[in-house]
Structures are given as C-alpha cells and as structure tokens.
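Let's take a walk through a protein model together. Have the sequence and the 3D view open as you read.

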Amino acid sequence: MIDAIYQFDHAVIEWIQLHLAGGWLDPVMAVITGLGNAGFIWLLSGIIFLFFKRTRPWGIIMLAAVAATFILGDLVLKPIVSRARPFIDDPTFKLLISPPSGYSFPSGHSGSSFAAAVSLFTFDKRFGTAALCLAALIAFSRVYLYVHYPSDVLTGAALGTCIGLLAAWGYSRWEKRNRQKLV
C-alpha cells in the first residue's frame, strides 16, 4: 500500500514538473503559497470577522479550526510520520521559494486552509466557496513548488476538512444549548 502511495506521489509531482512548471505560473504559485504561510490569510480573515457581530462566529470557528489543525497536524502527526520533503529526497531540484523547515506529512498549508475554508462554508456558502477555491490553490501550490507530495496535501486537506466540520458542529451544538437555557 505504501509503495502504491509513493508511486502515485512521484508520478503526479513529476507530471506537474514536466507539464505545468515554469513560465508565468512560477511567480503566481509562489504568491499563492505565501498566502498560506503560517495560516496568514486565514488568521487575518478570522480576526477581521471577529470585529463584526454578524461574522464573529465565523471568526471564532475559523481560528479554532486552524489552531486545532496546527496542533494535530504540525505538532503531533508530522513528528510521528517524519516524512522528508520532495526537495530533500531530490536535492538537485531548485526551489522557487525558501526551503520550508520541518517534515512534509501532512501539509500544514493544506490543513489550515481547508479547516478555515470548510468552517467558513458552513456559515456562508458564497464566502465559503471562494475560500475553498483559495484553499485548493494553496494546496496545489505546495505540490507545484516541490515542497510537498500529493498525499501530504490530500491528507492535510482531509484533516482540515474534518476539523473544520467538527468545529462548526461543536459551535452549533454550543449555540443551541445556550438558546435552550434562555428559554
């Protein structure tokens, strides 16, 4: 099973490098991936949402989901799996961005992006759809830039999706319980 995953990873990453990489997409992908550095775009959005009564729950859930995904993905799973990044496995590859530190699996950019986007989608489909598109671009940029394997990104996205849904569900349960207390 692990061999099949590695074969898939290498086939996809090599196809991207042969058919898509180079030219105008290189700087675009570097900018897109930068939006996900340290969860920047998601943390900023969550903080902005906190300032408005209508969107305050969005901000709370987004920030909680991103934090939980960071803890589980970066602090727990990455050290356990300890998977090297593609550019470490192939040191001849010239990176377009500064080499990220730490392990590759799961992708923290993908995890935080999908945690935030999915939790936002549960509140507002319009903003959530835009956020999901950005999350997918950030996730793809990680493979494009040769800093993650596809399975790292897919696992990060799945982890973030689950945590985003769980955070939104937990908030709705908490809100429902508080409304019942008022009655």
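Predicted model: local features only at pLDDT ≥ 70, side-chain atom pairs only at ≥ 80, totals over all residues.

Residues are numbered from 1 along each chain as its sequence is written, and side-chain values use heavy atoms, leaving out hydrogens and water.

**The core**

A nonpolar core is a set of buried Ala, Val, Leu, Ile, Met, Phe, Trp, Tyr and Cys residues joined through side-chain atoms within 4.5 Å. Buried means under 20% relative accessible area, exposed over 50%, and partly exposed in between (1.4 Å probe, protein chains only). The largest core here has 31 residues, and Met29, Trp42, Met62, Phe114, Leu120 and Tyr144 touch the most other members. Helix H7 (125-144) is among the elements that give two or more residues to this core, and the largest share, six residues, comes from H7. Helices are DSSP runs (H or I, at least four residues), numbered from the N terminus.

**Two helix pairs**

Axes are lines fitted to C-alpha atoms over the stretch in contact, and angles run from 0 to 180 degrees between N-to-C directions. Contact means heavy atoms within 4.5 Å.

The axes of H1 and H7 come within 9 Å and cross at roughly 85°, so H1 is roughly perpendicular (65 to 115 degrees) to H7. Ile13, Ile16 and Gln17 of H1 meet Phe140, Val143 and Tyr144 of H7.

H4 and H6 pack at about 155°, with axes 8 Å apart. That makes H4 roughly antiparallel (over 145 degrees) to H6. Among the residues in this contact are Ile61 and Met62 of H4 and Ala115 and Leu120 of H6.

Most residues other than glycine have a negative phi, and most peptide bonds are trans.

| Residue | Phi | Relative accessible area |
|---|---|---|
| Ala38 | near 55° | 72%, exposed |
| Ser82 | near 55° | 32%, partly exposed |

Ala38 sits in the loop between H2 and H3, and Ser82 lies in the loop between H4 and H5. As for the peptide bonds, a cis one joins Phe105 and Pro106, with omega about -5°. You'll find Pro106 in the loop between H5 and H6.

Note on methods
Parallel < 35°, antiparallel > 145°, perpendicular 65-115°, else oblique.
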